[in-house]
Amino acid sequence: MAGCSQQRLIVMFLCLIGIVSATDLTSSAVSLADYELSTTFYLLKCPLGLFTINNLVTAAVRKESRMGASLLRLHFHDCFVQGCDASVLLKNTATFTGEQGAFPNANSLRGFEVIDNIKAKLEILCPGVFSCADILAVAARDSVVALGGLGWQVRLGRRDSTTASLSGANSDLPAPFLGLNDLVAAFQKKGFTVNEMVALSGAHTIGSARCLTFRSRAYNDSDIEPSYANFLRSNCPKSGGDDNLSPIDIATKDIFDNAYYRNLLSKKGLFHSDQQLYSGSFTDSKVKDYATYPSLFKSDFAKAMLKMSNLSPLTGAQGQIRKVCSRVN
């Protein structure tokens, strides 16, 4: 009996590390998904699952800071298409077309090997239990925490899709060339307010981007600080060099902070869509708030991420639990 009690205590402790390692932040919006998903979903089914994900994500980010942004982006690019169902992880086959070849994803999504490694470890611990969609959601949270952001309590119990939508990825993922009104519309389509859109855009405080995505801004936009434009042009010629990288946040590219918004005040947004958030319009005041109050940004970002992670999950008997994240069973 004593041994059983000790074992239960260890299990509970490890679960709490995974679930409450993030600050408890609750979104004011309550959806059906809130009732179908639960922070304790794997408490008995896979008690070491969250602990394992946290360890592997933290190690991957320590090895390469940029990986944190890549894992966060994978979750975003998953949820904004069919919902948070791991459809973004499905590779093309002779009879199946996935989302990785969509314009916003092609030659830019990364971090698949980290997700595959996590899944392989979880399949040893608890075969056929932990979904790839939940791995993406937890890995995104743990990546933000590893780089200095606040966490959120990820609700779990998503299942994996057996479908993907190339057309949806091309149409629904916000492009870096969008103007403010189109940017707002893209987020409103998924149920986000203007303020939540501004907060989620702060994900660009980490990571790098390809020349192809910001060339037009570097050479054609007028609302860009001249020395910053020259800096971008030095690594992004008018032709060629499409895959050359520049940090999205020129100040602190490997730290999850509010420098992204301070950059916008100085006309140093990397993407056209970034600078549109501070362009003399209705989002200016929120950008100023986040530039001034870093804790406000981190808190609002965590709340918006919690909401995003609940977009149209598959639950119950829907979908499946993939054995390998890149293909259906």
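## Two crossing helices

Helices H14 and H15 are roughly perpendicular to each other (angles under 35 degrees count as roughly parallel, over 145 as roughly antiparallel, 65 to 115 as roughly perpendicular and the rest as oblique). Helix H14 covers residues 284-292 and helix H15 covers residues 294-308, and the two pack at an angle of about 115 degrees with their axes 5 Å apart (axes are lines fitted to C-alpha atoms, for helices over the stretch in contact, and angles run from 0 to 180 degrees between N-to-C directions).

On the H14 side the contact is made by Lys-286, Asp-289, Tyr-290 and Thr-292, while H15 contributes Pro-294, Leu-296, Phe-297 and Asp-300 (contact means heavy atoms within 4.5 Å). These residues divide into four nonpolar, one polar and three charged, where Ala, Val, Leu, Ile, Met, Phe, Trp, Tyr, Cys and Pro count as nonpolar, Asp, Glu, Lys and Arg as charged, and the others, Gly among them, as polar.

## The model as a whole

This is a predicted model, in which local features need pLDDT of at least 70 and side-chain atom pairs count only at pLDDT 80 or more, whereas totals for chains, interfaces and linings use all residues. Residues are numbered from 1 along each chain as its sequence is written, and side-chain values use heavy atoms, with hydrogens and water left out. The protein averages a pLDDT of 92, and 89% of the residues score at least 70 (pLDDT is the predictor's confidence in each residue, from 0 to 100). Over residues 1-32, however, the pLDDT is below 50, although this stretch has 42 contacts in the model beyond near neighbours in sequence.

The protein contains 15 helices and two strands (DSSP runs numbered from the N terminus, helices being H or I of at least four residues and strands E of at least two). Of its 329 residues, 53% are buried (buried means under 20% relative accessible area, exposed over 50% and partly exposed in between, with a 1.4 Å probe and protein chains only). Among contacts with a separation of 6 or more, 77% join residues 24 or more positions apart.

## Sites named in UniProt

An unreviewed UniProt entry places the feature "binding site" at Thr-205, Asp-249, Thr-252 and Asp-257 (positions are in the numbering used here, feature names are shortened, and annotations may be inferred rather than shown by experiment). These residues are spread over 53 residues of sequence, yet they cluster in space, with a largest C-alpha distance of 9.8 Å. Thr-205, in the loop between helix H9 (194-201) and strand E1 (208-210), is buried at 0% relative accessibility. Leaving aside neighbours within four places in sequence, its contacts include Asp-249, Thr-252 and Asp-257. Asp-249, in the loop between strand E2 (245-247) and H12, is likewise buried at 0% relative accessibility.

The unreviewed UniProt entry also places the feature "binding site" at Pro-174, which sits in the loop between helix H7 (166-172) and helix H8 (180-188). Not counting residues up to four places away in sequence, Pro-174 touches Phe-76, Phe-80, Leu-183, Ala-186 and Phe-187.

## Two positive phi values

Most residues other than glycine have a negative phi. Ala-86, which is not a glycine, has a positive phi of about 65 degrees; Ala-86 lies in the loop between helix H4 (66-79) and helix H5 (112-125) and is buried, with a relative accessible area of 0%.

Lys-267 also has a positive phi, near 60 degrees, and is found in the loop between helix H12 (259-265) and helix H13 (272-276). With 43% relative accessibility, Lys-267 counts as partly exposed.
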